[in-house]
Amino acid sequence: MKLRGIEMRRISMPLVSPFRTSFGTQTGRDILLLKAVTDDAEGWGECVALADPLYSSEYADSQADVLRRWLFPKLASPEGREAIARSGAAAVAGLLHPFKGHRMAKAAAEMAILDAELRAIGRSFGRELGAVADRVPSGVSVGIHDTVPQLLAAVGEYLDAGYARIKLKIEPGWDLVPVAAVRERFGAEVPLQVDANTAYTLRDARHLAKLDEFDLLLIEQPLEEEDVLGHAALARRLATPICLDESIVSAQTAAAAIALGACQIINIKPGRVGGYLEARRIHDLAAAHGVAVWCGGMLETGIGRAANAALAALPGFTLPGDISASGRFYRTDITEPFVIKDGHIAVPTGPGLGVTPIPELLDTVTTSTEWIAF
Ligand SMILES: CSCC[C@@H](NC(=O)CCC(=O)O)C(=O)O
Ligand SMILES: [Mg+2]
């Protein structure tokens, strides 16, 4: 495969409603999209970094900068050209490994090149990754609300829409009461979990153990991302399974977390771990240890949503992921919108991602484009 160059594009996508987590409130997404242009096809990659370094150390401008100054020049080097010509997207992670961190930028580059490679041979992302289903159960992430009645109204709408699982964002001061209210209103059968985005410390263990009475599927990332030993200690004091998100940045860190008993479940986000190929390695590792995984979300457009749906169709993804309909976050997606049907999202079957940005919709939200010739 001969890479002619990559277009970097920034798009500004307003959210249908504010999305509040323990680390802040999103009202829109400033997204970095990559388009890899090869002799045979064009491929798309979505960088999941937020505008600010509040979920992880990455932020959109930093990922554009590291791509422009280090990652693309390496891929465009004689060594890079030769490796990609020989091995395609499988060569990208190794080429970029010397550069520390910036996994979301690396993931977007690999994704765009993989999409181009697969479109050229007419092979879908799902087929490439090992999907075993043509649709995946759709979970929804519900932000922190100002009042419990507002939360209950939102949860009621999502359940009416058919979502298969409800995830509630929590933080100190907004945890037991909203969870109890959802259980009280909607019953014990609704698949329910919580996500703290690192908002607690081990000193909160006794308080967090009170969540055990609500029969949650899991509690996601209660402690700081580097506090693996703290999560292992917390796991020994909670009946509710611990699921890690921010802590898991590679198969290596997943293996360590599993070995230390820091998690019983893993939220796999391809952007966080450096790409879909590493995400599959984590899936395989978790399966070997009997650890369930599910696919997390970063408010992706239909581009990232398509790839996540394909990943979530692998056999080890036994819990509903944060793969909701496009309309959960966006009034107008840049691709054909993903819609929820009988609690599921369809896995695209076309070549590559199986979806492509609609040019006029993409132009409407584009704030900048930059061509990097290889
Ligand atoms: C802006 S918050 C993004 C990170 C968050 N993501 C979600 O809650 C799911 C969002 C989605 O459905 O895309 C998480 O920590 O899991
Ligand atoms: Mg999370």
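Donors here are N, O and S atoms within 2.8 Å of the metal (3.2 Å for Na, K and Ca), and since water is not among the atoms, sites may look incomplete. Before we use that, a word on what you're looking at: this is a predicted model, in which local features need pLDDT of at least 70 and side-chain atom pairs count only at pLDDT 80 or more, while totals for chains, interfaces and linings use all residues. Residues are numbered from 1 along each chain as its sequence is written, chains are lettered from A and ligands numbered from 1 in the order in which they are written, and side-chain values use heavy atoms, with hydrogens and water left out.

Let's start at the metal. The magnesium ion (ligand 2) has D195 (OD), E220 (OE) and D245 (OD) as its protein donors, at 2.1 to 2.3 Å. Along the chain, these donor residues follow the spacing D-x24-E-x24-D. D195 sits in strand 7 (residues 192–195) and E220 in strand 8 (residues 219–220), so this pair ties together parts that are 25 residues apart in sequence. Helices (H or I, at least four residues) and strands (E, at least two) are DSSP runs, numbered from the N terminus. D195 and E220 are both buried, where buried means under 20% relative accessible area, exposed means over 50%, and partly exposed is in between (1.4 Å probe, protein chains only).

Now for ligand 1. It is surrounded by 19 residues, and the closest are S141, K167, N197, G297 and L299; a residue is counted as near if one of its heavy atoms lies within 4 Å. S141 brings a polar side-chain atom to 2.8 Å from an oxygen atom of ligand 1. G297 uses its backbone instead, with an N or O atom 2.9 Å from a nitrogen atom of the ligand.

With 9% relative accessibility, L299 counts as buried.

T198 is another non-glycine residue with a positive phi, here about 70°. Its place is the loop between strand 7 and helix 8 (205–208), and at 23% relative accessibility T198 counts as partly exposed.

One more loop residue is T240, found between helix 9 (228–235) and strand 9 (242–244). T240 counts as buried at 6% relative accessibility, and its side chain makes a polar contact of 2.5 Å with that of D212. A polar contact is a pair of N or O atoms within 3.5 Å; within protein, one must be able to donate a hydrogen and the other to accept it, and residues adjacent in sequence count only if both atoms are side-chain atoms.

Four strands form an open, antiparallel sheet in the order 3-2-1-13, with strand 3 (42–47) and strand 13 (366–373) as the edges, each pairing on one side only. Two strands pair if DSSP finds at least two bridges between them. Strand 2 (residues 24–38) and strand 3 are joined by 6 bridges, and L32 has C47 of strand 3 as its bridge partner.
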